[in-house]
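Hi,

Here is the structure I promised to pass on. Have a look at it first, and then read my notes below.

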Amino acid sequence: MTSTTATPTTTTVIEVQSLTKRFGSLTAIDDISFSVEKNKIYGLLGRNGAGKTTIMSLLTGQDFVTQGDVRVFGESPAENARVLQNISFIKESQKYPDDFKPKHVFASAPWFFEHWSADLAGQLIDDFQLPMNRRIKKLSRGQLSAVGVIVGLASRAPLTFFDEPYLGLDAAARQTFYDRLLADYAEHPRTVVLSTHLINEVANMLEHVIVIDKGRIVIDQDAESLRESATNIVGPRTAVETFIARREVLHSEGVGGFLSATVAGLRPDERTEAAAAGLELAPVSLQQLVVRRTDGSSTEFGATS
Amino acid sequence: MIEEGKPIFVQIAEQIENDIIDGHLAEETQVPSTNEFALFHRINPATAGKGVNLLVDDGILYKRRGIGMFVASGAREQLIAKRTTAFQQEYLRPLLNEARKLGIGIDQLTNMIHEEAVTA
């Protein structure tokens, strides 16, 4: 036991500066910078191949950076036991020894996780009705995901990553995961980074959202302000076109005489103005917003790079 | 229960307000904790806390140290006054706009309101 532990003393848990990761000629992560604050739930969102898993692998010391600086609890995570013992990384493709059964996984978990809760693990095993004595190789895809979810939650690590942990879990089991995550997080606050494609399911649990597209960050914003950052305007084509003429349009689609346009957030007086012009205002969900910002086929974006 | 289009913390505050107005939460009684609101609505606890704090700022709720949040005396009256003002803007104006669009005059509208009030 050393006197200096990696326990965070500041409110920043992760600090990434000008990070680039290349695999041969492929630039997977392209000069990104961001930080993650202590005890918040983050959503790390983006399309397949955007670079989410690469970022998490770099943050958890499972891969090495090409360029730039990664600090987790103030230190480099690569081959750094002090940092890594405070991290739980649950990924879709977790490998276990061949003869392992779930009971072996949960029995060995306390060796790796200082804050491991056997009580919580036991409750979750019941929740997911996980067979403890079946070999991991024989588990269904959903049961295998349940093992990961249980380890991720019961480890109560100060920094927990869930990388699409839900494969094979049905809607009811996913809801159980979300409910238990929220309940245990409320009792034992910690930093959670959740990577998922099921954005609608987790949107209200997130406090901050980071969206990656082609190795770059396109959104890094707190969830509440993000919800207000865009509005759909629907109405007669000419009226909508007049209204959006002097605004940034994220997306638009029309049917006959009707037009629906997604624009950047409106002030209250602009909303009143739109309503007076006979236009309907509809909210944009987080999922829609992410699709709009990462949909390569759209040519409506303001800035191109 | 949580809808899009309105900040979630505002919706939490409004739901607590509704509970106070209809008497589910009496004055000087304790309201559920931030975590309880968060779990019930399946939202981030920080968001629930923001909604509760909105009502603390307005003097609708107050904190008893070490115990929790309570409904302030006079909160119901204060909320009804606030909502009555908002009623005009949020309900009457859209109603009149739609009536105008359909060519429904004030007299006809008054009659419709009376009819509806009888059956409701």
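**Chain B**

Of the 120 residues in chain B, 20% count as buried (20 or more other C-beta atoms within 10 Å of a residue's own; exposed is 12 or fewer, partly exposed lies in between, and C-beta atoms are placed from the backbone). Please keep in mind that this is a predicted model, where local features need pLDDT of at least 70, side-chain atom pairs count only at pLDDT 80 or more, and totals for chains, interfaces and linings use all residues. Residues are numbered from 1 along each chain as its sequence is written, while chains are lettered from A and ligands numbered from 1 in the order in which they are written.

Among contacts in chain B between residues at least 6 apart in sequence, 57% join residues at least 24 apart (a contact means C-beta atoms, placed from the backbone, within 7 Å).

The secondary structure of chain B amounts to 5 helices and 2 strands (DSSP runs numbered from the N terminus: helices are H or I with at least four residues, strands are E with at least two). Read from the N terminus, the order is α-α-α-β-β-α-α. Strands E1 (residues 61–64) and E2 (residues 68–71) of chain B pair in the antiparallel sense over 4 bridges (pairing takes at least two DSSP bridges between two strands). Lys63(B) stands opposite Met69(B) in E2(B). The two strands E1(B) and E2(B) form a hairpin with 3 residues between them, and Gly66(B) in the turn has a positive phi of about 80 degrees.

**Chain A**

Chain A has 11 helices and 13 strands. Of its 305 residues, 36% count as buried, and its C-alpha trace spans about 65 × 40 × 35 Å along the principal axes. Residues 24 or more positions apart make up 69% of the contacts in chain A with a separation of 6 or more.

An open sheet of 6 strands runs in the order E5-E6-E7-E3-E8-E9 (chain A), with mixed pairing. Strand E5 (87–91) and strand E9 (216–222) of chain A are at the edges with a single partner strand each, so one side of each has no neighbour in the sheet. Within this sheet, E3 (residues 41–46) and E7 (residues 191–195) of chain A pair in the parallel sense over 4 bridges, and Leu44(A) stands opposite Ser195(A) in E7(A). Helix H1 (residues 52–59) of chain A packs on the sheet, touching E3, E5, strand E6 (159–163), E7 and strand E8 (208–213) of chain A, and its direction makes about 150 degrees with that of E6(A) (axes are lines fitted to C-alpha atoms, for helices over the stretch in contact, and angles run from 0 to 180 degrees between N-to-C directions). Helix H11 (residues 286–294) of chain A lies across E3, E8 and E9 of chain A, at about 30 degrees to E8(A).

An open sheet of 4 strands has the order E11-E12-E10-E13 (chain A), with antiparallel pairing. In it, 7 bridges join E10 (residues 230–236) to E12 (residues 258–264) of chain A, and Ala261(A) in E12(A) is the bridge partner of Ile233(A).

Arg246(A) sits in the loop between helix H9 (237–244) and strand E11 (249–255) of chain A. Arg246(A) counts as exposed because it has 6 C-beta neighbours inside 10 Å.

**Where the chains meet**

14 residues of chain A are in contact with 15 residues of chain B. H6(A) gives the most to the side of chain A that touches chain B, with 4 residues. The axes of H6 (residues 171–187) of chain A and H2 (residues 34–41) of chain B come within 10 Å and cross at roughly 170 degrees. H6(A) and H2(B) are therefore roughly antiparallel to each other (over 145 degrees; under 35 is roughly parallel, 65 to 115 roughly perpendicular and the rest oblique). Leu182(A), Ala183(A) and Ala186(A) meet Asn35(B), Ala38(B) and Leu39(B) there.

Best wishes

Methods. Contact = placed C-beta atoms within 7 Å.
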